[in-house]
Amino acid sequence: MIVIGLTGGIGAGKSTVSGLLAQRGAVIVDADLIAREVVEPEGSAYGPIVERFGPTVVAAGGRLDRAALAAVVFSDPDALAALEAITHPAIQEEMARRVAARAGRDDVVVLDIPLLKDRRSPMAGVVVVDVPEEIAVRRLVEQRGFDEGDARRRIASQISRERRRALADVVVDNSGDLAALTREIDWVWAWIEGLRAGGEAAEAVTDPR
């Protein structure tokens, strides 16, 4: 098994890259998906969130009102830090459990983590999906229906583009179309296969860009 970290800011297209890697055989451990699971009423983070933020973040059916919670935390850095202090340990514990379940297999396991801030064991490499901020804002507005101000606030609440790129072994430029991105992922997959074969094999893979 080899473990690769995958990250990218909101609007960068990380989920598209994750899907392309899955098509090539990667096992995806998706932090966003797990984040939704741990805040369900039966999830480990649900009770602490309600205790911290109160009943206004609970919808009529008992689930969290994600929009109400987002409105609180994305305008208040202290509230965001409090939410992350609850959810991040729960997410990390579940991700570690899923990675451990692949132990002993010849798998490429991709940890899809939007808020990755540092390299974690047992990552053998980190792939960062990157676009200029203006492209990310435009995609959030045009494709996901964000208000422009909200899109910019979401981007500003994450780590900086420069800090994210500094983590990378490979930076995927997703400012072009799907065909261009697919070519980049073909190369990224060859690089991952090289890592699985050994360091020298990875270094022998030529970056076509």
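1. Ground rules. The model is predicted, and local features need pLDDT of at least 70, side-chain atom pairs count only at pLDDT 80 or more, while totals for chains, interfaces and linings use all residues. Residues are numbered from 1 along each chain as its sequence is written, and side-chain values use heavy atoms, with hydrogens and water left out.

2. Helix 1. Helices here are DSSP runs of H or I with at least four residues, strands are runs of E with at least two, and both are numbered from the N terminus. Helix 1 spans residues 14-23, and its buried residues are K14, V17, S18, L20 and L21. Seen down the helix axis, these fall within an arc of 160 degrees, so they line one face; the arc is that of the directions from the axis to the C-beta atoms. Exposed S15 and Q23 sit on the face turned away from the buried side. Buried means under 20% relative accessible area, exposed over 50%, and partly exposed in between (1.4 Å probe, protein chains only). After the helix comes G25, with a positive phi near 115 degrees.

3. The largest pocket. A pocket is an open set of points on a 1 Å grid over the protein atoms alone, where a 1.4 Å probe fits, with protein on both sides within 12 Å along at least five of seven lines; lining residues have an atom within 4 Å of a point. The largest pocket holds about 1300 Å³ of space, a volume being the space filled by probe spheres set on the points, which are joined across faces, edges and corners. Its lining counts 44 residues, with D32, R66, F74, P114 and L115 nearest the centre. Helix 5 gives the largest share of that lining, 8 residues. By class, the lining has 21 nonpolar, 12 polar and 11 charged residues. Here Ala, Val, Leu, Ile, Met, Phe, Trp, Tyr, Cys and Pro count as nonpolar, Asp, Glu, Lys and Arg as charged, and the others, Gly among them, as polar.

4. The second largest pocket. This one holds about 210 Å³. Of its 17 lining residues, V131, E133, I155, R161 and R164 lie nearest the centre. Strand 4 (123-130), helix 6, helix 7 and helix 8 (161-166) each give two or more residues to the lining, and helix 7 has the largest share, 3 residues.

5. V131 is in the loop between strand 4 and helix 6 and is buried, at 6% relative accessible area. Leaving aside neighbours within four places in sequence, V131 is in contact (heavy atoms within 4.5 Å) with G11, A12, A136, R139, R161, N174 and S175. R152, in helix 7, is partly exposed at 27% relative accessibility.

6. The cores. A nonpolar core is a set of buried Ala, Val, Leu, Ile, Met, Phe, Trp, Tyr and Cys residues joined through side-chain atoms within 4.5 Å. The largest has 31 residues, and I49, F53, L69, M95 and L111 have the most contacts inside it. Helix 5 provides the largest share of this core, 9 residues. Not counting residues up to four places away in sequence, I49 touches V39, G54, L64, L69, L83, I86 and T87. A second, separate core of 30 residues includes V17, A26, I135 and W189.
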